[in-house]
Amino acid sequence: MKRGIVAYGTYLPYWRLARPAIGAALGMPAGGGSRSVAGYDEDTTTMAVEAARVALASAPQPSRSCEVVFSTTDPAYLDKANAVAVHDALGLPRSAPAFDMIGSVSSGSAALRYAGRADGPVLVALSDMRNGMGGSSDERDGGDGAAAFLFDSTSQVVVEFLSFGSATSEFLDRWRLPGEASSHLWEERFGEHEYIPLAEQAMADALKQAGVTSAEIDHFIVTGVHTRAVRALQHSSRFPAHALADDLTKAIGNTGTAHQGLVLASVLDSAAPGALVLAVSLADGVEATVLRVSEQIDDYRNSRSARATVASQLGSAKGDLSYMTFITWRERFHREPPRRPEPTPPASPPSARHDPWKFAFTASRCTACGTRLIPPGRVCINCGAVDHMQSERLADVPATVATFTIDRLAFTPSPPMVVAVVDFDGGGRFRCELTDVDPDSLCIGDRVEMTFRKVSTSQAIHNYFWKAKPIRKEA
Amino acid sequence: MATKGIRDRVAIVGMGCTSFGEQWEKGAEDLLIDAATDAFISAGVTKDDVDAYWLGTMGSGISGLTLSRPLRLDYKPVTRVENMCATGSEAFRNACYAVASGAIDMAMAIGVEKLKDSGFSGLVIASPPSDGTAAQLTAPALFSLLAPAYEKKYGVSPEELKEVLTRIAWKNHHNGALNPRAQFRREVDKATIACSPIMAGQLGIFDCSGVSDGSAAAVIVRSEDAYRYTDKPIFVKALSFVAGPATGTADPTYDYTTFPEVVRAGQNAYSEAGIEDPRSELAMAEVHDCFTPTELVIYEDLGFAERGQGWKEALSGTFDLDGELPVNPDGGLKAFGHPIGASGLRMLFEAWLQLRGEAPKERAIGSIAQGRKLALTHNLGGSPGECVSFVSVVGSEPAS
């Protein structure tokens, strides 16, 4: 029996803001590349669900009932555990617990450390949306995304955790008061001065515990909240130059809590069996972990969808988001809404009664005649049988656009609303919003898949439900 | 199984109808008083002669007090009804049944809606607390789904259909321009209609009915009593109402080119009224043109045109004021707007005027002069795939 990762998945939102677009909007140099941007209907909870769905789709059957641990610096709710919405959206059983481990960037390391040492199956969902003031490096170099790792104790792990090394010290480098939208930073040379020795100590500890020398490391991952210190470590000469993993910051920015997971997933997408990985994360202290890729990695990768890889998700993005749209979606710029009432928030009791539908997208099928009902119902629309239904989760069933319309009057945070009537493979029709879509190129007959989204936020209640989005071929 | 109906057992002996429009100076109470007063005068009765009242309103008040309070009714039964866009017709239907039953001798059906106090564009309908999973699209978007479906099924190009929808809007505005009670009393040229800003799908703002305030009322008695109140009573031939099973939104075989609820309500009404060929027997029809493609589909659903032919008939003028079967001679929802509770009774008011030969000369329909004596009114509430529908047939001749 080994303890390690048995499945993983990532989620990168569809949208990219090119850094030159920031520069052009603000009249300043902003560098090259782009940052990933969560859609107006996404938050850290919905992105965690999407990454976890990818992970669970490739998970061995016995691990699929798992504990959920959710980490972010940008939780959708406080006081209320966001992990529970993730749990329900994944259709996990009530017997599986779900907890938040949130607040600081290092909470992601805590979740991984916890899962790496627990006994049963644990799903770690790391998800973040990074914000900064207009023109700041945090705005430019931050990113949005999620990564999920399913841990278990089994002979079938794809990555084994050999050691955890830590170095902890209190110093003020990056901080944010509760309620603040962006972080404060101390002068950066001081942070570098503090982080480098901590990193040296944590790495030495991890390598020693694992009985591995630095020369044996095949993949060296450095991520963290302090860009200058991360760069300095990446270019230290201790490890072979070819071992340094692309940290993805040029393409998507730094996704905070999710970032070490995203880079690890990217490495695992191509690592050879037996490869050794040293992952170092700088966030209020340093965590260093040594991992060994197992002999199962090739079989595991072959079992996954081609669209599950980080490279595929990097390649299927839309890169021309405008800066104005970005700051509108981030609620930093307020456009006049349509002259329509704001959406009514969902009520708690009906949401709870319909939880398998609302969160897990579970419809029903008539056992008398086989007709599928979306949404689920008690009376069959075809044969009229009453209470002869079995549940069917449709979250992972693709569908085809039967017809659609573009509603320019409806209230939505990002007009116009695109609504489609979709027919699911295997039967059943549903009318729902489309997202991550270009209305002008949408056609009847287009293939779509379901995605968990935040439909609206009203009266301090997030209305989570499923939308359809076009199935995109990998780039 | 079709309903038997109450053909020729009751009659309308008086009606009132306010002007429809942005009635900033009037509340629902004022509109009710105006319509009721006109109806009492029309029938030559007082509020005390009426034994029971049916009030249709979707959201301008709850309970019978919404009517009894402004009219200061003297401890009369008042039933408030709601059935979406068929609300006014539903008040009429139930009032007719009460009179036909013999329980009362005289009833008033009255409908009202005060929409322009909401401050929003378009209709705003309150919903019960929900799980938040229904897509919150607007009515224009829901009905815009008809257009591409019709084009695809019958091989009509979007440009051709645009011309058809534009002509339907143009026709109804043309008729409304001749009607002093209409919200919009000007003709609108086709270019303006065709180029109006897009609201949803292919529908421009001129493909949508307006939002207005209004009220209309009818006084109903048994047919044998009708000539005591007027020389020209209008007899109720059929009253048909259906609520669909709302399966269209979940049924992949539903193709958005028909309203099965309208088909069923129509068939039932024709059965009650003994109508075999509506196109040749009806003098006129007031149909629920909430959006232009709705009127197109209704032509076919109610048997005014063959399937797939309604668009050609619309272009050739079959349903114009001087056409073979005038549809919406008063201007329809297009020119009147759609104060929900009032619309069904406003339609009956046009039938009342036309069948009695009281419509102003400029919009008096030729079919009456040719001897046709039946009029149809129709409502549709909800949206394609899940709706309610009402059809009435009334006529100027008593039972033969």
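Guide: In this predicted model, two strands count as paired if DSSP finds at least two bridges between them.

Visitor: What makes strand S8 and strand S11 of chain B a pair?

Guide: Pairing requires at least two bridges. Strand S8 (residues 234–243) and strand S11 (residues 386–395) of chain B share eight bridges in the antiparallel sense, so by the requirement of at least two bridges they are a pair.

Visitor: Why are strand S3 and strand S9 of chain B said to stand at the edges?

Guide: The open sheet of chain B has nine strands in the order S3-S2-S4-S7-S1-S8-S11-S10-S9, with mixed pairing. Strand S3 (78–81) and strand S9 (282–286) each have a single partner strand, so one side of each is left without a neighbour in the sheet. On average, and with direction ignored, neighbouring strands of this sheet are turned by 25° against each other.

Visitor: Which strands of chain B does helix H9 lie across?

Guide: Helix H9 (residues 260–273) of chain B lies across S8, strand S10 (374–383) and S11, and runs at about 150° to S8(B).

Visitor: How do you know that the contact of H3(B) with H14(B) divides into nonpolar and polar residues, and how many are charged?

Guide: The axes of helix H3 (residues 87–101) and helix H14 (residues 340–355) of chain B come within 5 Å and cross at roughly 60°. H3(B) contributes B:Thr87, B:Gly88, B:Ser89 and B:Phe92, while H14(B) contributes B:Ile340, B:Gly341, B:Ala342, B:Ser343, B:Gly344, B:Leu345 and B:Leu348. Phe, Ile, Ala and Leu count as nonpolar, whereas Gly is placed among the polar residues. The contact therefore has five nonpolar, six polar and no charged residues.

Visitor: What makes up the side of domain 1 of chain B that touches domain 2 of chain B?

Guide: Chain B is divided into domain 1 (10–117 + 213–226) and domain 2 (139–207 + 234–395). Their contact takes 35 residues from domain 1 and 32 residues from domain 2. On the domain 1 side, strand S1 (10–17), H3, strand S4 (106–113) and strand S7 (214–222) of chain B each supply at least two residues. H3(B) gives the most, with seven residues. By class, that side of domain 1 of chain B has 18 nonpolar, 13 polar and four charged residues.

Conventions. Residues numbered from 1 in each chain as written. Chains lettered and ligands numbered in written order. Predicted model: local features only at pLDDT ≥ 70, side-chain atom pairs only at ≥ 80, totals over all residues. Axes fitted to C-alpha atoms, helices over the stretch in contact; angles between N-to-C directions. Helix = DSSP H or I, 4+ residues; strand = E, 2+ residues; numbered from the N terminus. Contact = placed C-beta atoms within 7 Å. Domains from an automatic or database assignment.
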